Amino acid sequence: NNPEIVMAAVHDSGWSLQHASEQCKDVAEIVIAAVHQYGPALEFAGDACRNNPEIVLAAVHNSGLALQHASEQCKDMAEIVTAAVQKDGEALEFAGDACKNNPEIVMTAVHDSGWSLQHASEQCKDMAEIVTAAVQKDGEALEFAGDACRNNPEIVLAAVHNSGLALQHASEQCKDMA
């Protein structure tokens, strides 16, 4: 493909990167233009571009879920994952384990989507502050909390205030108190 033509196409529609030649999919300027227009176009980028932090950051700024198409190395970069979960908390699903275990990143994710708690590390699922934020956003996120949090009356109360259906995920001890 002619790089000038591909550049014009991705400026109009980032999705058009999928139709570019493999050579053009490895040109950083073309891929950056594509992901600025449509973040998930990262899926069609060459490996070098999916491993380029600048390109991946541009993609997740457009769409947090573009993180799923990033290299494993980029999925472990706190700056990139933070930007992704700020845009869409559900992007935590695609983060590397170190980021899923980072309380600041997980807190950012659950502030956007309580359901993202399901993708957090077990350690973060046991942190009362994180679980409280998650259940205040979506009470049924209590399902993904650690046992200690599902047994914490204050957290369970916050969850059921948000959604009465959250009671099904509370510990038996908390249910007996209800």
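Predicted model: local features only at pLDDT ≥ 70, side-chain atom pairs only at ≥ 80, totals over all residues.
## Helix packing: α8 and α10

The crossing in which α8 passes α10 is left-handed.

On the α8 side, the residues that meet α10 are Pro103, Val106, Met107, Val110, His111 and Asp112. Their counterparts in α10 are Glu129, Ile130, Ala133, Ala134 and Lys137. Within α10, Ile130, Val131, Ala133, Ala134 and Val135 are buried. The buried residues of α10 pack against α8, and also against α9 (122-125), α11 (147-150) and α12.

The axes of α2 and α4 lie 7 Å apart, and the helices pack at an angle of about 15°. That angle is under 35 degrees, so α2 and α4 are roughly parallel to each other. Their crossing is left-handed. From α2, the residues Ala28, Val31, Ile32, Val35, His36 and Gln37 meet Glu54, Ile55, Ala58, Ala59 and Asn62 of α4.

Helix α4 also packs with α6: their axes come within 8 Å and cross at roughly 10°. This makes α4 roughly parallel to α6. The crossing of α4 and α6 is left-handed. The contact involves Pro53, Val56, Leu57, Val60, His61 and Asn62 of α4, together with Glu79, Ile80, Ala83, Ala84 and Lys87 of α6.

## Ala59 and its surroundings

Ala59 is located in helix α4. With a relative accessible area of 0%, Ala59 falls under the 20% limit and is therefore buried. When neighbours within four places in sequence are left aside, Ala59 is in contact with Val35, Gly39, Leu42 and Ala66. The C-alpha atoms of Ala59 and Val31 are separated by 9.3 Å, and these residues are 28 residues apart along the chain.

## The nonpolar core

The largest nonpolar core comprises 60 residues, and those with the most contacts inside it are Leu17, Val60 and Leu117. At least two residues of this core come from each of α1 (3-12), α2 (28-37), α4 (53-62), α6 (78-87), α8 (103-112), α10 (128-137) and α12 (153-162).

Val60 touches Ala66, Leu67, Ile80, Ala83, Ala84 and Lys87, residues up to four places away in sequence not being counted. Val60 of α4 also belongs to the contact with α6, where Ile80, Ala83, Ala84 and Lys87 are among the α6 residues involved.

## Cysteines

A search of the whole structure finds zero disulfides. Cys149 is in no disulfide, and the nearest cysteine sulfur, that of Cys174, is 11 Å away. A disulfide requires two cysteine sulfur atoms within 2.5 Å; the sulfur of Cys174, 11 Å from the closest cysteine sulfur, in Cys149, is therefore too far for a bond.

Both cysteines lie under the 20% limit for burial. Cys149 counts as buried because its relative accessibility is 3%, and Cys174 counts as buried because its relative accessibility is 5%.

## Loop residues on either side of α12

Asn151 lies in the loop between α11 and α12. A relative accessible area of 30% makes Asn151 partly exposed. Apart from neighbours within four places in sequence, Asn151 is in contact with Ser171, Gln173 and Cys174. Asn151 and Ala170 are 19 residues apart in sequence, and their C-alpha atoms are 6.5 Å apart in space.

His169 lies in the loop between α12 and α13 (172-177). His169 has a relative accessible area of 15% and is buried. Neighbours within four places in sequence aside, His169 is in contact with Glu140, Leu142, Glu143 and Arg150.

Notes:
Residues numbered from 1 in each chain as written. Heavy atoms only, no water. Core = buried A, V, L, I, M, F, W, Y, C linked by side-chain atoms within 4.5 Å. Buried < 20%, exposed > 50% of the residue type's maximum accessible area, 1.4 Å probe, protein only. Helix = DSSP H or I, 4+ residues; strand = E, 2+ residues; numbered from the N terminus. Contact = heavy atoms within 4.5 Å. Axes fitted to C-alpha atoms, helices over the stretch in contact; angles between N-to-C directions. Parallel < 35°, antiparallel > 145°, perpendicular 65-115°, else oblique. Left-handed = near helix turned anticlockwise from the far one by under 90°.
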